[in-house]
Amino acid sequence: MEIIPSVDIIYRYFPKLSEKQREQFRQLGELYPHWNAQINVVSRKDINSLYLHHVLHSLGIAKFTDFVPGTRILDVGTGGGFPGIPLAILFPTVHFHLVDSIGKKIKVVREVATTIGLDNVEADHIRAEQLDEKYDFVVSRAVTRLAEFYPWVANRFLKKDRNAVPNGILYLKGGDLRGEIQETRLSAEVYALSDYFEEEFFETKHIVYVPI
């Protein structure tokens with residue numbers, strides 16, 4: 001019988017969480033099934049694997065790099081709040097702007113953020129192309145092919161770097177990405193999430209970093 005990972009998998013990979021952060025991550029396991037029954041933001045067959053497939057997957061970005069206080073991050077096509085909500089819990093001094101073109105999903109994001117007390121999250125029903133603000137990083141989870149995604153956000157970056165990793169895109173994507181990256185003609189770097197997490201789920205999952 002398959003063992004479905006609980007919030008303990010987050011505590012194991014991120015052992016230095018404060019009590020407040022541990023409680024916020026724990027609450028996700030109650031809130032997302034509740035909201036998902038009303039507004040489908042996670043595949044219904046996948047909701048039981050919330051912590052492995054969605055929360056820990058989102059936190060792969062935090063294994064790749066830290067963010068200094070005051071960093072501004074845009075999450076494009078956030079859906080129900082991934083990767084933005086887990087990252088906002090982990091980095092309470094970083095500002096996260098979560099956007100999606102589907103208003104119902106943004107409603108869930110706002111409710112989750114409010115319930116667990118995230119005051120570093122802003123959520124808007126808007127397309128990335130319509131934004132005027134600028135950010136240090138853009139994050140996303142496999143919204144579309146990178147060649148289509150890049151033009152949406154190409155002009156959304158602050159020029160001055162404040163983190164160890166220069167400003168750019170941090171894109172969570174699975175499968176063989178060679179052709180997809182080649183068609184963009186961007187100088188993208190690919191990092192395997194299996195270098196950070198031992199679960200089989202991550203064997204084909206990557207972070208694509210595109211410096212700007």
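Predicted model: local features only at pLDDT ≥ 70, side-chain atom pairs only at ≥ 80, totals over all residues.
Which residue lies over the face of Phe-14, and at what distance from the ring centre?

View 1. Lys-63 is the residue that lies over the face of Phe-14, at 4.6 Å from the ring centre. In another such arrangement, the charged end of Arg-22 sits over the ring of Tyr-11, 3.9 Å from the centre of that ring.

**View 2. Strand β7 and its pairing with β5 and β6.** Strand β7, which spans residues 205-211, is mostly covered, with six of its seven residues buried. Strand β5 (residues 168-174) pairs with β7 in the antiparallel sense over seven bridges, and Leu-172 stands opposite Ile-207 in β7. Strand β6 (residues 189-192) is also paired with β7 in the antiparallel sense, here over four bridges, and Tyr-209 in β7 is the bridge partner of Glu-189.

**View 3. The ring pair of Phe-149 and Trp-152.** The structure holds ten aromatic pairs. In the pair of Phe-149 and Trp-152, the ring centres are 5.9 Å apart and the planes stand at 55 degrees, so the pair is tilted. Both residues belong to helix α7 (residues 146-153), where they are separated by about one helical turn because they are three residues apart. Phe-149 is buried, with a relative accessible area of 0%, whereas Trp-152 is partly exposed, with a relative accessible area of 22%.

**View 4. The ring pair of Phe-197 and Phe-202.** The centres of these two rings, Phe-197 and Phe-202, lie 4.7 Å apart with their planes at 45 degrees, so this pair is tilted. Phe-197 is buried at a relative accessible area of 1%, and Phe-202 counts as buried at 0% relative accessibility. Together with Tyr-13 and Phe-201, Phe-197 and Phe-202 form one aromatic cluster.

Key: Residues numbered from 1 in each chain as written. Heavy atoms only, no water. Buried < 20%, exposed > 50% of the residue type's maximum accessible area, 1.4 Å probe, protein only. Helix = DSSP H or I, 4+ residues; strand = E, 2+ residues; numbered from the N terminus. Pairing = 2+ DSSP bridges. Phe/Tyr/Trp six-rings, centres within 6.5 Å; stacked < 30°, edge-to-face > 60°. Lys NZ or Arg CZ within 6 Å of the ring centre and 35° of its normal.
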